[in-house]
Amino acid sequence: MTAALSLGTYRVRAVSQAARTALAAGSPWVDTAPNYAHGGAHEALRPVLREYPTVRVATKTGFFTKEQGRTALAEGALTREEAAGRHSLEPGFIRWQMERSMAVLGRADLIFVHNPEHHGQGVDRAALHWRVREAFTVLEEFAHAGRIGGYGVATWTGLTSEAFTVPELLALAGQAAGSAEHHFMGLQMPVSLIMDDLIRQALDGGGPLVQAKDAGLITFGSAPLHGGELLEAMTPELVNFIRSGLSAAAAALLAAGSCPGLDVVLTSASTREHWDDAAKALAAPLTAEELRRVTDELAAE
């Protein structure tokens, strides 16, 4: 199985246009955040989501723009020190940010706690886990009220730096819910040929992706092109080694989307041509053996 190609709006400039293109092409998910597009991503998505009522929506809580921080400070949701940090997992702030997000988007199937390891810089693991559990407690309230489908964690380095593990996140969710019947349902992490440790681990039958799948979580791979940096490394020889006839972007997406245990791969492709190019490649995923040969080739360079 290959991961489902879906729209990620990080670094997308024309969010409405990209969303209409992706949803017309059949993207099952739209992934966004309150701080994306300089704080305008939610507003840009609102009319598009009304046109596509069945698409699943994932957004985040934690980061905020400078302007959003000023508003939160004025409304008592943040202290001046917290507002200066541009990231908060304080329960009061999460409630405030969630209310604003839901008012604009209208719905959310999944809320990710956004890079909780960022909030943990300079604190020990126990303190970080306590803050994550407090954030989960707020999101459990929203889920119990039927206002969101569930929640999860979107991380950049939290799993690879061992700030937390998948079993620990599941345990924290259980504590937040007060039982095993929690609403923790998704995990997002970077999966690419640059940050390929997760791919190697999954090919060996272990690591966070396999743990998440075994727990029944929906797994999202972010930054398959590593913010565009990977394209510079995609030589014609490497592209041909992955699969001849593909563009550099499609070859990179194919490698990420073929990772075992990955349900969704996020792309910021904004034109129908780029979207169809990637979708065509992902329609025939690499086998585990083919993907392993790619990662081994890169490791040997």
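Visitor: Which residue of β3 stands opposite tryptophan 29?

Guide: Arginine 56 stands opposite tryptophan 29. Two strands count as paired if DSSP finds at least two bridges between them; the strands themselves (E, at least two residues) and the helices (H or I, at least four) are DSSP runs, numbered from the N terminus. This is a predicted model in which local features need pLDDT of at least 70 and side-chain atom pairs count only at pLDDT 80 or more, while totals for chains, interfaces and linings use all residues. Residues are numbered from 1 along each chain as its sequence is written, and side-chain values use heavy atoms, with hydrogens and water left out.

Visitor: How many bridges join β2 to β3, and how many join β3 to β4?

Guide: Strand β2 (residues 29-31) and β3 run parallel and are joined by three bridges. On to strand β4 (residues 110-114), β3 has four bridges, again with the strands parallel. One of the partners there is valine 113 in β4, which pairs with threonine 61.

Visitor: What do β2, α2 and β3 make together?

Guide: They form a right-handed β-α-β unit, with α2 covering residues 41-51. A crossover is right-handed if, with the strands pointing away from the viewer, the path from the first strand over the helix to the second runs clockwise.

Visitor: Why is β3 described as largely enclosed?

Guide: Let us start with the general idea. Buried means under 20% relative accessible area, exposed over 50%, and partly exposed in between, with a 1.4 Å probe and protein chains only. Five of the six residues of β3 (residues 56-61) are buried, so the strand is largely enclosed by the rest of the structure. Valine 57 is placed in β3, and its relative accessible area is 0%, so it counts as buried.

Visitor: Which residues does valine 57 touch?

Guide: A contact means heavy atoms within 4.5 Å. Leaving aside residues up to four places away in sequence, valine 57 touches Trp29, Val30, Leu49, Leu105, Arg107, Ala108, Asp109 and Leu110. Leucine 110 is 53 residues from valine 57 in sequence, yet their C-alpha atoms are 6.5 Å apart in space.

Visitor: What about β6: how many of its residues are buried?

Guide: Seven of the seven residues of β6 are buried, so β6 is largely enclosed by the rest of the structure. Four bridges link β6 in parallel with strand β5 (residues 151-154), and valine 153 has leucine 187 as its partner in β6. With strand β7 (residues 218-222), β6 pairs in the parallel sense over five bridges; there proline 190 is partnered by serine 222 of β7. Another right-handed β-α-β unit is made by β5, helix α8 (residues 166-177) and β6.

Visitor: Which elements do the buried residues of α10 pack against?

Guide: They pack against α8, β6, α9 (197-203) and β7. In α10 (residues 207-214), the buried residues include Pro208, Leu209, Val210 and Ala212. Just after α10, glycine 216 takes a positive phi of about 85 degrees.

Visitor: Phi can also be positive outside glycine. Is histidine 38, with its positive phi, buried or exposed?

Guide: Histidine 38 has a phi of about 55 degrees and is found in the loop between β2 and α2. Its relative accessible area is 81%, so histidine 38 is exposed. Asparagine 115 also has a positive phi, near 45 degrees, and lies in the loop between β4 and α6 (116-119). At 17% relative accessibility, asparagine 115 counts as buried.

Visitor: What volume does the largest pocket have?

Guide: Rolling a probe the size of a water molecule over the atoms shows where empty space is left. The largest pocket here has a volume of about 1000 Å³. Of the 41 residues lining it, Tyr10, Arg11, Ala223, Gly227 and Ser268 are the closest to its centre. The elements giving two or more residues to this lining are β6 (184-190), α11 (229-233), α13 (248-257), β8 (264-267) and α14 (272-282). On a 1 Å grid over the protein atoms alone, a pocket is an open set of points where a 1.4 Å probe fits, with protein on both sides within 12 Å along at least five of seven lines, and lining residues have an atom within 4 Å of a point. Grid points are joined across faces, edges and corners, and the volume is the space filled by probe spheres set on the points.
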